[in-house]
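Please examine the sequence and the structure shown below. The report that follows describes the overall form and then selected residues.

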Amino acid sequence: MDIAALSIAMSQASLQQAVGLQVMSIAKNTAELQGQNIAQMLQQSPHPALGKTLDIQV
């Protein structure tokens, strides 16, 4: 493999890694935002005790 082809391959690998990290960062930020939204929705529940206990008869 010549120097030019090796340089192109290394550049493409570096770009793939950078894109992968950026996508993971976006996914992490989205998951954090969704978690915060869910926590906020649960705090604003009209019945905060609803669903905390389970009555079962056998």
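Where is the place of S45? S45 lies in the segment after α1, where helices (H or I, at least four residues) and strands (E, at least two) are DSSP runs numbered from the N terminus. The model is a predicted one, in which local features need pLDDT of at least 70, side-chain atom pairs count only at pLDDT 80 or more, and totals for chains, interfaces and linings use all residues. Residues are numbered from 1 along each chain as its sequence is written, and side-chain values use heavy atoms, with hydrogens and water left out.

**Overall form**

The protein chain contains 1 helix and 0 strands. Its radius of gyration is 24 Å, well over the 10 Å that the globule rule gives for 58 residues, so the protein chain is more spread out than a compact globule. This radius is taken over C-alpha atoms, and the globule rule is 2.2 Å times the number of residues to the power 0.38. Along the principal axes, the C-alpha trace of the protein chain spans about 75 × 30 × 5 Å.

The protein chain exposes about 5,700 Å², of which carbon and sulfur atoms supply 62%; accessible areas come from the Shrake-Rupley method with a 1.4 Å probe, and for residues only the protein chains shown count as cover. Buried residues make up 0% of the 58 residues. Here buried means under 20% relative accessible area, exposed means over 50%, and partly exposed lies in between (1.4 Å probe, protein chains only).

**Helix α1**

Helix α1 covers residues 3-43 and includes V23. Together with L15 and V19, V23 makes a nonpolar surface patch of about 270 Å². Patches are made of residues with over 30% relative accessible area and no salt bridge; like charges are joined within 9 Å, and nonpolar side chains (Val, Leu, Ile, Met, Phe, Trp, Tyr) within 5 Å.

How many salt bridges does a search of the whole structure find? The search finds 1, a salt bridge being a side-chain nitrogen of Lys or Arg within 4 Å of a carboxyl oxygen of Asp or Glu. E32 forms a salt bridge with K28, and their closest N and O atoms are 3.6 Å apart. Both residues belong to helix α1, where they are 4 residues apart, about one turn of the helix. E32 counts as partly exposed because its relative accessibility is 41%.

**Residues along the chain**

G35 is also found in helix α1, whereas D2 is in the segment before α1. G35 is partly exposed, at 36% relative accessibility. D2 is partly exposed at 48%, and S45 is partly exposed at 28%. The side chain of D2 reaches the backbone nitrogen of A5 at 3.0 Å.

The table lists C-alpha separations.

| Pair | Apart in sequence | Apart in space |
|---|---|---|
| D2 and I26 | 24 residues | 36 Å |
| S45 and A18 | 27 residues | 41 Å |

Definitions and conventions:
Polar contact = N/O pair within 3.5 Å; in protein donor to acceptor, adjacent residues only side chain to side chain.
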